[in-house]
Structure formats: C-alpha cells, structure tokens
Amino acid sequence: MEENENVVVEEQQATPTETVVEETAVAASGPKKESFGAKVKEWFRKQAVTLKRKPQRIAFLFFIISSVMYLIGLNVFSPGPVIDFPSQSYLGLSVFVTTLFSILVLVLFMNTFPKRGIKYKKTGKKHNMNYIMLALTFVFVIVMFLMDLLYYKQLTGCINGNEAKFFLNAEQAAPYAKYFTEDAANLAYDAGSYKSYLVSALHLDIAHMVFLGISAVLLATLPLYKKLILKINTSKVVESTEIKEVIDTEDE
C-alpha cells in the first residue's frame, strides 16, 4: 500500500512539471515575426548563395545591359545611314551586324554555362562549360567592337562638310573640330532635325563599346573573382529550440 501511495505522489508531482515543459515547448516552437532588417539580410544571403553557384551572372548582367542599350538606341543609330549620309556605305552594315550579334551573343552566353554538365560520349566526362560557345562569345564581342569602331569612324567622316547639321553650337562642336572643313566659329548652325540624334549616336556608340569591354573582361576573369565570391560566408545561424531542464534530485 505504501509503495502504491509513493507512486501516486510521484505522478502527481511530475504532472505539473510536464505541463509547464509542454507549454514552454509550444511557446518556443510558435512562429516568430521577422523584422524588416532580418528579411532584407536573408534576401541578400540567398542572392549570395545563388551567386556562389553561378558567378557568371555578373558578366551576363553586363552583356544584357550592353545589348539592351544598343537595341533601345536603334532609333538613334539607324537614321544616320539612311537619311543624310548615303556616301558612307558601311554605316548601315555596322548597325545591322551589331544589332544581330547583340541578340545572338546572349544566346551563346547562356549555352556556355548550361544548367547541366555537358557529357561527352567517348569519355563520359562532364564539363560545366561549353568551350566552343565560350570561344564564339568572344568572337562575337570582338566583331561587335569592330563594328562600333567602324560606325564611329564612318559617322565622324560624315561631319566633314556637314558640321552645321551635327552640332547646335560651337561649344558642342569643339571636341570634333579636327573633322571640320572650316573653323567652327565661322559655321552657321541651322535648325535641322538631324542634330537631335547624330551627336547622341556618337556618345551612345562609345558607351556601347565601354560596356562590351567590361563584359568581355568580366567573362575572361571569371576564374579569378569566382574564388573571391566562394569565400563569402553565407551560412545561416539557426536558433536552438532545445529545452533543457535542471531537475533537483536531492532529498529535502
């Protein structure tokens, strides 16, 4: 009888403790609202993880910028060859080739780094990069760069004898004075509609060459900055929900 009473007492004493532990566990496991700063930090951490897996996205971003820049600027590049300067026969060709290659270079880049490794039938070895597509990407970049140089040379060649149609005033014409047939101070600048895009075409052409160069450098130096990106700490600290209870076993 005494043994049964002791068991009952122990169960009665254990029950409140178990209830408290269960309530604490439920409270600890409940959802916690993250602050805005924590959400932003987590978003950057996920982006860093993605970047560590695919560091080529940095170069791809600049390729996209250069291509979109050129395609949007076609309304600036195109009028020159067809409206006022038919004597420069390669203006239209340079615009056409660069427009076509601006689209194709993105396709080549995406096939250079496929989602799955390329498996060769002979060796069965998998590679993460298609070197043929990589070589073609560089070839296309070089061709576009040369076409931009050709466009710039052809368009500046059109300035000779057409200075008044390019520039609004002498200050705007000063950087291109070496292409003039006469002194800029003696030019009578008219109000022709050509000025709105001809000077802009020269500036946009230079900007496109700059972004092409940056894109090519980022692609060529990918193995170097990839090592730096892999050193970024993207580990996530998870708070422990384990409940530890110290039980006093000493007799009172």
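This is a predicted model: local features need pLDDT of at least 70, side-chain atom pairs count only at pLDDT 80 or more; totals for chains, interfaces and linings use all residues.

Started with helix 3 and helix 6: they are roughly antiparallel to each other, a label I use for angles over 145 degrees. I found helix 3 at residues 57-72 and helix 6 at residues 91-112, packed at an angle of about 155° with axes 10 Å apart. The axes are lines fitted to C-alpha atoms over the stretch in contact, and angles run from 0 to 180 degrees between N-to-C directions.

I then looked up which residues make the contact (heavy atoms within 4.5 Å). Helix 3 brings Ala59, Phe60, Phe63, Ile64, Ser67, Tyr70 and Leu71, while helix 6 brings Ser94, Val95, Thr98, Thr99, Ser102, Ile103, Val105, Leu106, Phe109 and Met110. Sorted by class, I get twelve nonpolar residues, five polar and no charged ones. My classes: Ala, Val, Leu, Ile, Met, Phe, Trp, Tyr, Cys and Pro are nonpolar, Asp, Glu, Lys and Arg are charged, and the others, Gly among them, are polar.

I number residues from 1 along each chain as its sequence is written, and side-chain values use heavy atoms, with hydrogens and water left out.

Next, threonine 99 in helix 6. Is threonine 99 buried or exposed? Its relative accessible area is 18%, so I log threonine 99 as buried (under 20% relative accessible area; exposed is over 50%, partly exposed in between, with a 1.4 Å probe and protein chains only). I traced its side chain to the backbone oxygen of valine 95 at 2.7 Å. Leaving aside neighbours within four places in sequence, I have threonine 99 in contact with Tyr70, Leu71 and Leu74.

Then leucine 202, which I located in helix 10, residues 195-220. Leucine 202 has 0% relative accessibility and therefore counts as buried. I checked leucine 155 too: 47 residues away along the chain, with 7.6 Å between the two C-alpha atoms. Again skipping neighbours within four places in sequence, leucine 202 is in contact with Tyr152, Leu155, Thr156 and Tyr176.

Last, the whole chain. I count eleven helices and two strands, taken as DSSP runs numbered from the N terminus (helices H or I, at least four residues; strands E, at least two). Of the 252 residues, 31% count as buried. For contacts with a separation of 6 or more, I get 76% from residues 24 or more positions apart.

How values were computed: Angles under 35 degrees count as roughly parallel, over 145 as roughly antiparallel, 65 to 115 as roughly perpendicular and the rest as oblique. A polar contact is a pair of N or O atoms within 3.5 Å; within protein, one must be able to donate a hydrogen and the other to accept it, and residues adjacent in sequence count only if both atoms are side-chain atoms.
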